[in-house]
Amino acid sequence: MKPRLLLMVPIIGLMCSSTRATSDDNFCKLTSQAALRSCQVGANSDFWLAQGKCVNVSASAERQACKQQARADLKDALDLCNAEYSVRQDSCQRLGGQPYDPVIDPTNFVDKIDNPYFPLILGTVFIYEGQTQDGLVHTEFAVTHQTKQILGVTTVEVHDTVTTDGELTEDTLDWFAQDKEGNVWYFGENTMELIGGRPTTLAGTFTSGVDGAKPGIVMEAHPAIGDFYRQEFDLGNAEDFADVKSLSDAVTVSADTFTRCLRTRETTPLEPDLTEAKWYAAGVGNVLTKDLTTGEKSELIRVEFR
């Protein structure tokens, strides 16, 4: 009977939150509640599949151990659902309650990206490196001559590759476009993680306009301290937020020393424990990224033109 109780507890909680939500016009909170429910239902689905496998283990001791592990995994999964919900709710306090539904007018976009903090000049390759617990991470952010039409907007394609100790671990295509005001929008990505040369996940892949995915602003035209905004929106798959923290930081990396840098703090409910600080130098772009939990850094080594 214990597994049945474990299933019913989160579902009862979900029914209550859903009832309260019907009288609420805060669409951001409604979105958070819907994502929470989806996460909890998914966790319980995984639990019952695990139970189904456990009952087919012949040895009694191993069968009980399997069930115990399934219950522990369910608890961890539900804890993660709650942590994701907490990040979304905190974000709603900053974003307000309106639906996130940006109007994308192709005539409002220009054919180049020259935002001072995020310039994407065709043929430019930004090279970053950083030592992590997994090894030396080498990243190349290459602005290609390729374009992609998304929501009627011609976007610039960036090829972003990551190697760890010389082995390719991530291969991504990103798509950006700049509006007439100077905001740089992020329209999507096709991302793949690899282990041993073999693809392991496409998680995070999205294209604006497909299955409810929407673009966000990766860099504002006129950043101001206290600005908080979505950089992407594909619920449960791509949900990065940026918070402008400073416009006057000094940063020294391998490439150079930069002054009056923009610093943002970036979070996502999909990784509740991850908080990154990013520094952007005018006329260059991103020069440093730091994981504020582990202290690991990725710094600009050099800029090439190919």
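The legends below describe an overview and several close-up views of one predicted model.

Residues are numbered from 1 along each chain as its sequence is written. In this predicted model, local features need pLDDT of at least 70 and side-chain atom pairs count only at pLDDT 80 or more, while totals for chains, interfaces and linings use all residues; side-chain values use heavy atoms, with hydrogens and water left out.

**View 1. The whole protein chain.**
The secondary structure comes to 3 helices and 15 strands. Helices (H or I, at least four residues) and strands (E, at least two) are DSSP runs, numbered from the N terminus. Along the principal axes, the C-alpha atoms fill a box of roughly 65 × 50 × 35 Å. Of the 306 residues, 43% count as buried. Buried means under 20% relative accessible area, exposed over 50%, and partly exposed in between, with a 1.4 Å probe and protein chains only. The accessible surface of the chain is about 16,100 Å², and carbon and sulfur atoms hold 52% of that area. These areas come from the Shrake-Rupley method with a 1.4 Å probe; for residues, only the protein chains shown count as cover. Among contacts with a separation of 6 or more, 49% are between residues 24 or more positions apart. Contact means heavy atoms within 4.5 Å.

**View 2. Aromatic rings around F141.**
The structure holds 11 aromatic pairs. Rings of Phe, Tyr and Trp (its six-membered ring) pair if their centres lie within 6.5 Å; planes under 30 degrees apart count as stacked, over 60 as edge-to-face and the rest as tilted. The F118 and F141 ring centres are 6.5 Å apart with planes at 75°, so this pair is edge-to-face. This pair links distant parts of the chain, 23 residues apart: F118 is in the loop between α3 (60-95) and β1 (124-132), and F141 is in strand β2 (residues 135-150). F118 is buried at 9% relative accessible area. F141 also has a buried ring-bearing residue's value, 14% relative accessibility. F126 pairs with F141 too: the centres are 6.2 Å apart and the planes at 55°, so the pair is tilted. F126 is buried, with a relative accessible area of 6%. Ring pairs link F118, F126, F141, F176, Y186 and F206 into a cluster.

**View 3. Charges over rings.**
A charge sits over a ring if NZ of Lys or CZ of Arg is within 6 Å of the ring centre and within 35 degrees of the ring normal. K148 lies over the face of W175, 5.0 Å from the ring centre. R230 places its charged end over the ring of Y100, at 5.4 Å from the centre.

**View 4. Helix α3 and its end.**
The 36 residues of α3 should span 52 Å at 1.5 Å a residue, and the end C-alpha atoms are 52 Å apart, which agrees. The expected span is 1.5 Å times one less than the number of residues. Buried residues of α3 include K67, A70, L74, L78 and C81. An α-helix has 3.6 residues a turn, so residues three or four places apart point the same way. Just after α3, G96 takes a positive phi of about 90°.

**View 5. Strand β5 and its partners.**
Two strands pair if DSSP finds at least two bridges between them. Strand β4 (residues 167-178) runs antiparallel to β5 (residues 184-195), joined by 9 bridges. L173 stands opposite N190 in β5. The β4 and β5 hairpin has 5 residues between its strands, and G182 in the turn has a positive phi of about 110°. β5 also pairs with strand β8 (residues 214-219), antiparallel, over 3 bridges. There W185 stands opposite I217 in β8. Strand β7 (residues 206-207) is joined to β5 by 2 bridges, again antiparallel. G188 faces T207 of β7 as its opposite residue. Strand β6 (residues 198-201) runs antiparallel to β5, with 3 bridges. T201 in β6 is the bridge partner of E193. The β5 and β6 hairpin has 2 residues between the strands, and G196 takes a positive phi near 65°.

**View 6. The surroundings of T267.**
T267 lies in strand β12 (residues 257-267). T267 is buried, at 15% relative accessible area. Leaving out residues up to four places away in sequence, T267 touches E239, D240, F241, L274 and T275. T267 and R230 are 37 residues apart in sequence, and their C-alpha atoms are 10.0 Å apart in space.
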